[in-house]
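Please read each point with the structure in view.

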Amino acid sequence: MKIKDIKVFICSPGRNFVTVKIITENGTYGIGDATLNGREMAVVAYLQEHIAPCLIGKDAQQIEDIWQYLYKGAYWRKGPVTMAAIGAIDTALWDIKGKQANLPVYQLLGGRSRSGVTVYGHANGETIEEVLTNLGTMIDEGYKAVRLQCSIPNVKGTYGTMEGKKNYYELQGNRPLPPEQEWSTSKYMNFVPELFKQARERFGFDIGLCHDVHSRLTPIEAARLGKLLEPYNLLFLEDAVTSENPEGYQIVREHTVVPLAVGEIFTTVWDAKVLIEKQWIDYIRTAITHGGGITPLKKLADFAAMYHIRTAPHGAPDLSPICFMAHMHFNLWAPNFGIQEFIGFGTPELNDVFKYDVELKEGLLYMQDKPGLGVDFDEEAAKKYPYKRSYLPVSRLEDGTLWNW
Ligand code: GCO
Ligand code: MG
């Protein structure tokens, strides 16, 4: 079953998405997500110029060989642009294989390990009271776990919170130049334990609670934060420190028993190897889009399982519904699945372009069995939402020093 055509689309139904469509000679097609927030066009060029010409005429059934060809065969390995491009191709090939076999992709991975996919939602706010009100609503809706992010008093623009009462993710989209936010480690450290203290006092310990530090702390600061948060029994503390130097996590680990999650910007198993082997983390958060597709993610999950580490795929809205659906299959299969990040079903614009059918019941996602990934992309609808250049914010300390956003 030869590959006849590869199309690359970029559209902006609320925010930018890069979509790949692989069409085979017999007319079967598969789709993949290649979105890299703030660097979308680099992946478009990589796919159009460097990948598509090499794959025309290749056998779409040889997923592993095509993956190796694109990874090893390029000589230049890893990196978010390369791996998002490979990830989209790989995802689209699994979609085709599922359609050909008339089976949902999770069946090809080894079948179900569970009936539904447990998620954690987001409760954000400008004040602790606002976060807790949102948390209360989500508990009433049946969520089993929620991530809490709150504005820090006297810091301008905190990661993960609402500015002007808009959903914070809108702030990342459609900006002509990167917006700037402020950061103060001391103000953050003095404030954030109170958020979790009040959350536990009001709602008890049955609800899972997470928090994303977004790599703002040094290892010893993260170790201290972990200790301060220990009484509130977090499900996990995410991206406590940057991980280019994985030994930073050893320092955190040696001082606190707060479970640690990392990996949303990882692009291969090599980024995670030391962290996993040394058991310095508890959850691996790499997404199918940015980790090079379903093929390597399956290997990563199996490798992590050997070290008691569970999966918690990145589920921010800059991953398209194609990645979301690929995660559904991956999560139904993965024996060491932990939890899926989930931010809701998206806007009418988004659902105009991407068609899929998933239900949230009591904090778990369920889907109907459909061949392939069970998600479609409407090329015509996508034309209504042209690409708009957009950036993530950058972060500076109060004295102007550039910091990790
Ligand atoms: C998360 C992430 C996102 C990222 C975003 C960057 O945990 O959901 O940290 O909020 O900031 O995906 O593109
Ligand atoms: Mg994160």
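**Note on the predicted model**

1. The largest cavity. In this predicted model, 13 residues line the largest cavity, and those nearest its centre are Q149, T158, W183, Y188 and D212. Three elements each contribute two or more residues to this lining: β5 (145-150), α6 (185-203) and β7 (208-212). The space within the largest cavity comes to about 70 Å³. Sorted by class, its lining holds 7 nonpolar, 4 polar and 2 charged residues. With a threshold of 30 Å³ or more, the count is 1 cavity.

2. The division of the chain. Two domains are assigned: domain 1 covers residues 3-103 and domain 2 covers residues 108-372. Their C-alpha centres are 26 Å apart. How many residues of each domain are in contact with the other? On the side of domain 1 there are 36, and these meet 34 residues of domain 2.

3. The largest pocket. A volume of about 1,100 Å³ is found in the largest pocket. Its lining is made up of 40 residues, and H214, E264, I265, L392 and W405 are the ones nearest the centre. Which domains supply the lining of the largest pocket? Domain 1 (3-103) and domain 2 (108-372) each give at least three residues to it. By class, the lining comprises 16 nonpolar, 13 polar and 11 charged residues.

4. Helix α8. This helix spans residues 247-255, and G248, Y249 and V252 are buried in it. Why may these residues be said to line one face of the helix? Viewed down the axis of α8, the buried residues fall within an arc of 95°, and therefore they line one face. Among the elements that cover these buried residues are α7 (219-229), β9 (260-262) and α9 (269-277).

5. Residue V44. This valine belongs to helix α1, which runs over residues 40-55. Is V44 buried or exposed? Its relative accessible area is 6%, and because buried means a value under 20%, V44 is buried. Leaving aside residues up to four places away in sequence, V44 touches V8, I10 and V18.

6. Backbone angles to examine. Most residues other than glycine have a negative phi. Two residues in this model deserve attention on that account. K78 is not a glycine, yet its phi is positive, at about 65°. Q279, also a residue other than glycine, has a positive phi near 55°.

7. The setting of these two residues. Where does K78 lie? K78 is placed in the loop between α2 (63-71) and α3 (80-101). Q279 occupies the loop between α9 and β10 (283-284). K78 has a relative accessible area of 34%, so it is partly exposed. For Q279 the relative accessible area is 35%, and this residue is likewise partly exposed.

Conventions:
Residues are numbered from 1 along each chain as its sequence is written. Chains are lettered from A and ligands numbered from 1 in the order in which they are written. This is a predicted model: local features need pLDDT of at least 70, side-chain atom pairs count only at pLDDT 80 or more; totals for chains, interfaces and linings use all residues. Side-chain values use heavy atoms; hydrogens and water are left out. Buried means under 20% relative accessible area, exposed over 50%, partly exposed in between (1.4 Å probe, protein chains only). Helices (H or I, at least four residues) and strands (E, at least two) are DSSP runs, numbered from the N terminus. The arc is that of the directions from the helix axis to the C-beta atoms. Contact means heavy atoms within 4.5 Å. On a 1 Å grid over the protein atoms alone, a cavity is a set of points where a 1.4 Å probe fits but cannot get out, and a pocket is an open set with protein on both sides within 12 Å along at least five of seven lines; lining residues have an atom within 4 Å of a point. Grid points are joined across faces, edges and corners, and a volume is the space filled by probe spheres set on the points. Ala, Val, Leu, Ile, Met, Phe, Trp, Tyr, Cys and Pro count as nonpolar, Asp, Glu, Lys and Arg as charged, and the others, Gly among them, as polar. Domain bounds come from an automatic or database domain assignment.
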